[in-house]
Amino acid sequence: MAQLTRRTTDLLKPFSAALSSTRLLTTTSTNPITVETSLPFTGHRIDPPSRTVETTPQELMSFFRDMALMRRMEIAADSLYKAKLIRGFCHLYDGQEAVAVGMEAAITKKDCIITAYRDHCIFIGRGGTLLQCFSELMGRKDGCSKGKGGSMHFYKKENGFYGGHGIVGAQVPLGCGLAFAQKYSKDENVTFAMYGDGAANQGQLFEALNMAALWDLPAILVCENNHYGMGTAEWRAAKSPSYYKRGDYVPGLKVDGMDAFAVKQACKFAKEHALKNGPIILEMDTYRYHGHSMSDPGSTYRTRDEISGVRQERDPVERIRKLVLSHDLATEKELKDIEKEVRKKVDEAIAQAKESPMPDPSELFTNVYVKGYGVEAFGADRKELKAVLP
Amino acid sequence: MLGVIRQRVTCRGIPTLTLEQGMRVVASRTFSSSAKEITVREALNSALDEEMSADPRVFLMGEEVGEYQGAYKISKGLLEKYGPDRVVDTPITEAGFTGIGVGAAYYGLKPVIEFMTFNFSMQAIDHIINSAAKSNYMSAGQISVPIVFRGPNGAAAGVGAQHSQCYAAWYGSIPGLKVLAPYSSEDARGLLKAAIRDPDPVVFLENELLYGESFPISAETLDSSFSLPIGKAKIEREGKDVTITAFSKMVGYALQAAGILAKEGISAEVINLRSIRPLDRSTINASVRKTNRLVTVEEGFPQHGVGAEICASVLEDSFEYLDAPVERIAGADVPMPYAANLERMAVPQQRGLATDQVHWPQLPKRYKELKLTKINL
């Protein structure tokens, strides 16, 4: 729906090199703008929210900037992996940025998010830094888990991010447990437990959902349906790929996950619902450009046309770019400059992360317990390598 | 050298009553003078009650813990006292409620998750190990998991193969977990309180057949601030000829065996492990260095069992002190049969009142066979 218009000469300021979007006058504005979501929401046992979303220039610009940052970060991680600086598993999120960014816009850091292993961008959304991200990916001590977790185990507890989990589906009962604790503590906050279309078939999800519904827990289950569970397309894995309906007695909403404003609206709606009525399922219709992980080219089970088609028609960053341009909030050049700045930030963070040392060998034995009682722990050679756990 | 030779030993001439009395005397000698006795069930119930009272973050979750008063009545009265928000009845969905418990622990609550038996913990074992045990390490200390997983473990009576497994060895091998196995009422109270207060995930292995057993208890133990240290074994009976290590129900059997051995002139030192992980290697090794001989006892499967780890530890640390190879007594290498006679053969037995079959090592005969010097008692 965007019309590309050139900025008028009304525009006061030259763009400056230090292109923080806050420097541009109009983009600090909190004047309300309304946007329409790309598609209407589809509800299951619930009346869906309106397609009209309130936003501000500041928010629009921040969406662009944040998603551009996430996009660049994931692409840089791809290169680092190919350069063998990242080892093991690396599951990239590019294409799905709108879910992370839209969700953050609707909630606070007191709300909790828990997700699976495709967690780099959620971590950034929760306030993690690029340095912490790249250092962790490369196994360095400045990493968010001091290099001991790796790609799948990012956490930021003080900002309500509980990881980062490698076992498919496990994060959903854990997320319902966070919601249980929020309700127990009377915190008036909610938990977003994110999972994929592959995990949507896990039994423990339904066990947890049953209890969440029985006990009216403020749990929001968010299915990031990127249509492929590793190499298995949704129609081959699920008898009913209407994941928003799979909760049966639990209401659900189907959302265009490539539209950050649809995501924001849905999450805001879900939070209000969960605080009053218990669990709700959000299905985000999204897409990942990369394969399941860096070991998967991602083209053996889907066509390159499909991938490029989504990139052309539905790319989340492009959608925001068009919105920004159509609302005259920035010129194309200014947006390109933001992207350049973001790229620079990413490169700087990578350079700094490369300088970060690997964890000290003594860290092998730290954090096994909170309280170790002075017990002995042994390395591979029990005579050579052992430590006392404090 | 003490070893298992035959499955049947008759103890003619030794009245069983004396042995049991002897056992009681030994046990009560270790406490301050108090005639009070409580059952293990009462000990666990009071420990739960006191810890829930002291810390509002502690809550109990599991099947039948609330309205049913506990499948084994361990949580009797707690629902009435603390309400359904803190004593939570769950559906029969271990994977789900264990995950929920671990998530609540991530947030900062202190859940006590009850498994009706630890056999059902296998449904939830991913959460115990991958979500609970490893989280503090993987997050470099950000996400601690102050949770207790408790319930009856090991063989009961006639419950068959799927309901009789001992999980001490499995959980005992996981870094990040603490694994406790109480025997007496004092153990039950002290270790459960310590477990609930502990900031790490604790697997608390009770025993169904011990729930109804009474043990003498001191005033100190009954105090609400009482707790026992985690990672410390207890020397239940001192001796100098052989060390017997055991945990849970087998401690009682080991004490009885020590009583029998004493009549034969052999002084056995019985160690109640209390803590499977951390294992109190120093107490075990110090004992073996004193006695020079070791028998490990457990009910679980022998291969890769707790006894195997104790053997290895003693070989590594006290090899020169051993006068004989370590002997292991364990359950049989078979799924638990149902028929009573087969079931008796599948786990170490204590001297029964109705039968003179004893599957204990025929210790005195073996000792003499190897022509070891007579020990003066």
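Are Arg274(B) and Glu186(B) buried or exposed? Both Arg274(B) and Glu186(B) are buried. This is a predicted model, and a search of the whole structure finds 41 salt bridges over all chains.

**Arg274(B) and Glu186(B)**

- Arg274(B) forms a salt bridge with Glu186(B), and their closest N and O atoms are 4.0 Å apart.
- Arg274(B) sits in the loop between strand 11 (268-272) and strand 12 (275-277) of chain B, while Glu186(B) belongs to helix 8 of chain B, so the pair ties together parts that are 88 residues apart in sequence.

- Lys193(B) has a relative accessible area of 0% and counts as buried, because buried means under 20%.
- Glu51(B), at 5%, is buried as well.
- Through salt bridges that share partners, Glu50(B), Glu51(B), Arg189(B), Lys193(B) and Arg197(B) are joined into one network.

**Lys109(A) and Glu104(A)**

- In chain A, Lys109(A) forms a salt bridge with Glu104(A), where the closest N and O atoms lie 3.3 Å apart.
- Lys109(A) is partly exposed, with a relative accessible area of 36%.

**Helix 10 and helix 11 of chain A**

- Helix 10 (residues 316-326) of chain A packs with helix 11 (residues 332-355) of chain A at an angle of about 140°, and their axes are 10 Å apart.
- Helix 10 and helix 11 of chain A are therefore oblique to each other, since an angle has to be over 145 degrees to count as roughly antiparallel.
- The crossing of helix 10 and helix 11 of chain A is right-handed.
- On the helix 10 side of chain A, the contact involves Arg321(A), Val324(A) and Leu325(A).
- These residues meet Glu332(A), Leu335(A), Lys336(A) and Glu339(A) in helix 11 of chain A.
- By type, the residues of this contact divide into 3 nonpolar and 4 charged, with no polar ones.

Conventions:
Residues are numbered from 1 along each chain as its sequence is written. Chains are lettered from A and ligands numbered from 1 in the order in which they are written. This is a predicted model: local features need pLDDT of at least 70, side-chain atom pairs count only at pLDDT 80 or more; totals for chains, interfaces and linings use all residues. Side-chain values use heavy atoms; hydrogens and water are left out. Axes are lines fitted to C-alpha atoms, for helices over the stretch in contact, and angles run from 0 to 180 degrees between N-to-C directions. Helices (H or I, at least four residues) and strands (E, at least two) are DSSP runs, numbered from the N terminus. Angles under 35 degrees count as roughly parallel, over 145 as roughly antiparallel, 65 to 115 as roughly perpendicular and the rest as oblique. A crossing is left-handed if the near helix is turned anticlockwise from the far one by less than a right angle, and right-handed if clockwise. Contact means heavy atoms within 4.5 Å. Ala, Val, Leu, Ile, Met, Phe, Trp, Tyr, Cys and Pro count as nonpolar, Asp, Glu, Lys and Arg as charged, and the others, Gly among them, as polar. A salt bridge is a side-chain nitrogen of Lys or Arg within 4 Å of a carboxyl oxygen of Asp or Glu. Buried means under 20% relative accessible area, exposed over 50%, partly exposed in between (1.4 Å probe, protein chains only).
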